[in-house]
Each structure stands twice: as structure tokens, then as C-alpha cells.
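Open your viewer, switch to a cartoon view and get ready to click along. We will go from stop to stop, selecting something new each time.

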Amino acid sequence: MRKSALIMLVLLFSIPALLFAAGEQELEEGKTLEIFSWWTAGGEAEGLQALIDVFNEKYPEIEVVNATVAGGAGTNAKAVLATRMQGGNPPDAFQVHAGHELIDTWVVSDYMEPVTFVLEDNGWLDVFPEDVIDIISYQGEVYSIPVNIHRSNVMWYNADILNEYGLSVPDSMDEFFEAAEELQKNGVTALALGDTNTWPATHLLASVILASTGPEKYKGLWEGTVDWSDSDVKEALENYAKMMDYVNSDHAALTNMDAAGYVAEGKAAMNVMGDWVAGYYMSQGYTQGEEWDWAPSPGTAGNFIMLSDSFGLTKNAPNRENVVKWLEVCASKEGQDAFNPIKGSIPARTDSDRSKYNSYQLAAMDDFSSDFIVPSLAHGSAVSEAWLTKINDVMSVFTTELDVDKAMKEFQSLAERYAPANK
Amino acid sequence: MYSPKKEIQKGLIVVLPMIAVLFIFVYGFIFWSLRVSFSAWDGILPNMKFMGLSNYKTLFASQRFQTDLFNTFYFTLFFMGTCIIGGFILSYLLFSKLKGEAVFRTIYLFPLSLSFVVTGVLWRWVLSPEVGVNALFRMMGFPAEFGWFTSTESIAEFNLAVISLIIAASWQYLGYTMAMFLAGLRSIPDQIIESAKIDGAGEFRIIWNILIPMVKPITFSAMIVLGHISLKIFDLAYAMTGKGPAFVTDFPGLFMFETTFRGNNYAEGAAISIVMLLLVALVIIPYLYSIFRGEEV
């Protein structure tokens, strides 16, 4: 009796091993494609599946392995990715924020192959805006294919609240402070913030900086050609510190989505967050024009802070040909129009099928094709991960202590260490 | 023929693979980390240029790491204190034939079956400043302004936000120290307590002069176990609070994780982990020393 129980136990423990072994055997060279991402939840996962479906239709003989790592807004996935890349076991294609997150981490260290030819061969170099090509390029070569575009500098506001106090939507920092003052007098939280993960504070700061500096200086700041002691930058830091007088007291306990929720629930009037919030409001059934509406964050009209998820081609990818096919699907009109309506983002191409998108997305697409496009700070487009990690640390202290001079000094010393112009 | 020497040889052969694995994957990598912590490895590609102590210098100069060390110190102090004093009180209550002992013992031991991640998520809800216990107090008409894990107040470098983590961790480990003390109290011969009673000793006198000295070895091992948990705490803080505003709930483990895996600064990350290793060694080595000395006697 005891012996048979023991045998059962041994068998039970060996089942996973057997399964795993079988799985390994199935992965035949050349017939598979492993896609590595942290898209595990809701619209993201469904969007990725839609993209995979497009791929499967075209290439039914290739088996797609959808390797996702959940959690931590990609932090966990990035740790796994780093281990796999350094260990010489790269996934075929992996999700990465377009811009410096990809370039400074993987391109500079020579792990990536340029993918300019994917765009060239299909004649697609012109359908992506020049600013976008600029952001995804390094030394004249394109290194990743953007599948979507999100806008970072969006202010979400509760239209009912603003109407109730007779306030118009602020479109400069001065107007914002006037409105905030009025709201505070009436006991309404003017600005919702949820910075328990710190990056939402950095996200807000980027919009505030852009409002004071304009697009050229904003870009220069991340290239290292503009100093943090610049009077416009200093004004921005002071504005940020002043804004903290008007935020909800429990901001350190909330996530970015909690804060966005505060606006729709009427607990706060405004919130600055990326445009994934639109999808969230729609999925919760809030009415646009009443419980929520949007505008470019104060002082940034005419500018579009973009962030983008993209896929690149790793050197030594086990199934290189399949990755190229995958990248073509990602860059194609069909692929972009399958992914973005579901993910709630807009296509990186400017020639997509407008009938597939909702009213917010259409408005964002219009701005995207006419605005100045600048890279986002908090989402890896403007600066390297290493720099961003340190910027987040400074923000964590700055948001608490509101010491402008100290923050400015620390930001400057980080820029001296990490900015491309100083390397 | 039985030959002890041969037996030892056979034994050695059996444990040799294990020892080899241990030396490579534990001690080997400790030395590797030490080496990396002296290097200039900042980025994905290794750069083993010897930099001396410069990583440690940057580390100790950074506000984040200084805050981390104070947080670790106070967390360890109060977590140990609560668990040991609270655990002893609970075990004494059970020991002195409280009714329904089995029920209470189970209740106190239950949290131990959870992982720190579960505990963290749970207490994050309970102590959330707007919706947790604060809301409960406000409903009952008391003012409740304390921000719990978002509080940025501090007394003598003790960030009050750490209290939330101390509560959560103590809640989980109180049952553990209680069980240890209970076992210790049960092993004290009844005669000693009986004769003390006959001699007219009161309850507190018995506790102070007999029970506490008798469970001293247990107190010592409890301190070691709790100490090494709190010195390398990561999961609880990661799940419950993150680093907090101005690092009020940050610990070296979180800092190390972010530096290494988010910032790709392997050299500085290794330096943090070496400091953590030294902190734990401060606790463990005296313990091992006393155990080995005890065995020789």
C-alpha cells in the first residue's frame, strides 16, 4: 500500500518533466515563431491574439509560440528577457518600447539586427511619420517595427465638475492653476495622481516640462544639449511642485488607473495620463462629455508625446525568416488595424482604415498626423532604462519633498552621466 | 568487515555531487557577485574593469540606500520585538490552560501558511489610507488622518510608514514564535514550577525567574530566524507598498532588484547584494559559532 503510494508520488512529480520534454521536441526548427511579450491582460492580450490570427491566416504552417511573462508593467518580462539574451537563448521576437529603451539596452550592446529592409522592401518608409522613424532609428538604421502608438500628454477631466463650477478646460498652465484654485476653494480635488509605482509622477512631469519648454528644448533635454538649470525647465519643476498642492492626499497609495477612475467617479476633476485611459473609461461604461472628456495636457496643444510598443529582430534569432514575416505583419496595414482597435491605441501608420476606430482614437490619429511628435519620458522612448530608473528615484523624493533646487541638481547630474551627448 | 574509514569514503562519494553543486552555485556565485560589485558593469554587456570601492561609495552616498538601511534597522528591531514579546505572551496564555487552546493555536498559526505576497496584498487593502481601517474609524466618528504606508513622517530616521509593514509581518510570524515558545514552555519540568509555587512564588515571579530564563535558547533561535527574514525582506514590501514616496518603505532588496533588472546596473546591484549578505552574516555567524561550540563541548 505504502509502496504504491510512493510510486504514485514519483509518477506525479515526473509528469511535468515529461510534458516539458515533449513540448521541446515539438519545436521544430524553421516551423515556429516565439513571440515574447508582457501583454497578458484584457485588451492587450486580445490585441496580440488578433495580430497572431492575422499572421496564422497568412502562414498557417508556422506555429506561433506566445511566450508572455505577466506582471509589473513589463519589469518581470524585462528581467527574463535579459537573462535569455545574455544566456544566448533569445526569443525570436520580443516586445519592447520603441526608442531609447530598445536602443540603449539592446542595439548599442549589439544584440539586434537592423530592420530597415522590412520597411524598404515593402515601400513603407513613407507611411510612418518621419518623427517616428527618427525615434526608432539608431545611426541611420531602423531597429524596431512599431505596432501601436499611445499618446502620453492627455488630460482627462470630468466635464460635469468643470461645468458645475463654470470652468473652461484649461489649456495653459496658468489657466490650470486658476481652475485648480477655484476647485480647491470648493473642496474639490483638482488633480488626481496615483503614483504608488512612481512612473505616473514621471509621466506627469514630462507633460509639465513640455508645456514650459516646447518640443525642441524638450527633446534637447533628453539628448543632453539642454541643461536642467535652463529657466524654462526650472519653471516646469516649479509648476510641478505647485501642482502637488492640488492632488489627492492618498496619491501614494493609488495606481495610475485608480487615479483615472477618480475623475470618472467624480472624486477629482482632472488627471494627466496616457490614452489607454480612454479604453478603460469606455470599458467601464462612462459617458464621454459628462463623466469624462479629454484635452491635450495644459500648455501642450499641438504636441504629441508618443510612446510605442514595437518588435525587433534579435541577432541569432532561432527562426529568423519567420521573424521577418512577423515584422511584416506587424508593420502591415492589416496587422495594425487588427491590433490597435482592440488594444485601444492608434496605428503607427498614417494610412489606416478609419472606420475601425472609435471617436477618441480618430481624434488622436488626426493630432498624430499634424502635431509635433516627441518621445515619452516615462515609457522608455526618450531615455534609456538606466536613466529612467534613476529619474524615477529622483521623482519619488521630489514629489514628497518638493525641493526644486535639489531635484534640479540631481536631474542634471543624471543627465551628465547618461545623456547621449555626454557619452 | 566493518571499517569506519571505508564508510566515510562511501559517504563522501555520495555527498560529493551535492557539495560540488553547493560550492559552485552558492559560494562560487557569492564570490562572482563580490567581483562584479568591484567592476564597472553598467549596462547589458559585462565590463569587468576593476573599480575598487567606487560602487560602494556611490551607494552609501545615495539618499535611497541610506533610507534603506534605516528602514531595515527599524523594521528588524520592531518586527523581532513584536514577535518575540507578543509570541511569548500568547504562548503563556495558552500554556496556562486557556480554554479552547487548540482553536487559538490554530488561529495564530494560520497566517504562517500564507506567503508574504498574499499577506502584502491583504494588508495593503486593510491599511489603504482612504478605504481601509481609516474609513472604518471615520465611520465610527473618529478622526483618522494617519496615512499608514503612505505617511512621510519620521521620528529619528524611523519612517512611520514602516509601521504598516511591521504590523503585516508580525501578524504573519507571531504564530510561529508562539509555537516555538509553547514547545519550550511545555518542556520545562512541572516539578520546578510546582516547587516554586510551594515556596510561595507569584505568577510574575515564576515568569520572570523561571520561564523566561528557561526559554532563552528558544528566544535566541527565534531572533535568528526572524532576523534573517527581516534583513533580506523583499516580497512583502514589493507586494504591499513598493518603495513608497521618498523611499519610506524601501528596502535594500527592492533597491537591488530595480538597480539590476530595471536599470541594468549590475555592478551597483551586486554591491547592494553584498551589503545585504554582510548584514545577514552579522546575525548568522555568531549563531553558527555558538552552535558549533555547543557541539564540541
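**Before you start**

Residues are numbered from 1 along each chain as its sequence is written, while chains are lettered from A and ligands numbered from 1 in the order in which they are written. You are looking at a predicted model, where local features need pLDDT of at least 70, side-chain atom pairs count only at pLDDT 80 or more, and totals for chains, interfaces and linings use all residues.

**Stop 1: chain B as a whole**

Select chain B. Its C-alpha atoms fill a box of roughly 80 × 75 × 30 Å along the principal axes. Colour by secondary structure and look for 13 helices and two strands; helices (H or I, at least four residues) and strands (E, at least two) are DSSP runs, numbered from the N terminus. Of the 297 residues in chain B, 36% are buried. Here a residue is buried if 20 or more other C-beta atoms lie within 10 Å of its own, exposed if 12 or fewer, and partly exposed in between, with C-beta atoms placed from the backbone.

**Stop 2: where chain B meets chain A**

Now show both chains. On chain B, 23 residues are in contact with 23 residues of chain A; contact means that the C-beta atoms of two residues, placed from the backbone, lie within 7 Å. Select α3 (63-95) and α12 (252-262) of chain B: each supplies at least two residues of the side that touches chain A. The most comes from α12(B), with three residues. Which classes of residue make up this side of chain B? There are seven nonpolar, 10 polar and six charged residues. For these classes, Ala, Val, Leu, Ile, Met, Phe, Trp, Tyr, Cys and Pro count as nonpolar, Asp, Glu, Lys and Arg as charged, and the others, Gly among them, as polar.

**Stop 3: B:Ser91**

Stay with helix α3 of chain B and click B:Ser91, which has its place there. Is B:Ser91 buried or exposed? It counts as buried because it has 26 C-beta neighbours inside 10 Å. Leaving aside neighbours within four places in sequence, B:Ser91 is in contact with B:Met178, B:Phe181, B:Leu182 and B:Leu185.

**Stop 4: two crossing helices**

Move to chain A and select helix α9 (residues 199-223) and helix α16 (residues 385-401). They pack at an angle of about 90°, with their axes 9 Å apart. Axes are lines fitted to C-alpha atoms, for helices over the stretch in contact, and angles run from 0 to 180 degrees between N-to-C directions. α9(A) and α16(A) are therefore roughly perpendicular to each other, a label for angles of 65 to 115 degrees. Show side chains for A:Trp199, A:Ala201, A:Thr202 and A:Leu205 of α9(A), and for A:Ile391, A:Asn392, A:Met395 and A:Thr399 of α16(A): these make the contact. They divide into five nonpolar, three polar and no charged residues.

**Stop 5: a covered strand**

Select strand β11 (residues 268-272) of chain A, where five of its five residues are buried. Strand β9 (residues 154-157) of chain A runs antiparallel to β11(A), joined by three bridges. Strand β10 (residues 189-192) of chain A runs parallel to β11(A), also through three bridges. Click A:Met270 in β11(A): A:Tyr157 stands opposite this residue, and A:Met270 is also the bridge partner of A:Leu191.

**Stop 6**

**Stop 7**

Most residues other than glycine have a negative phi. Select A:Asn316, which has a positive phi of about 60° although it is not a glycine. A:Asn316 lies in the loop between β15 (313-314) and α13 (320-331) of chain A. Finish at B:Glu157, not a glycine either, with a positive phi of about 70°. B:Glu157 sits in the loop between β1 (154-155) and β2 (158-159) of chain B, and counts as exposed because it has 12 C-beta neighbours inside 10 Å.

Technical notes:
Parallel < 35°, antiparallel > 145°, perpendicular 65-115°, else oblique. Pairing = 2+ DSSP bridges.
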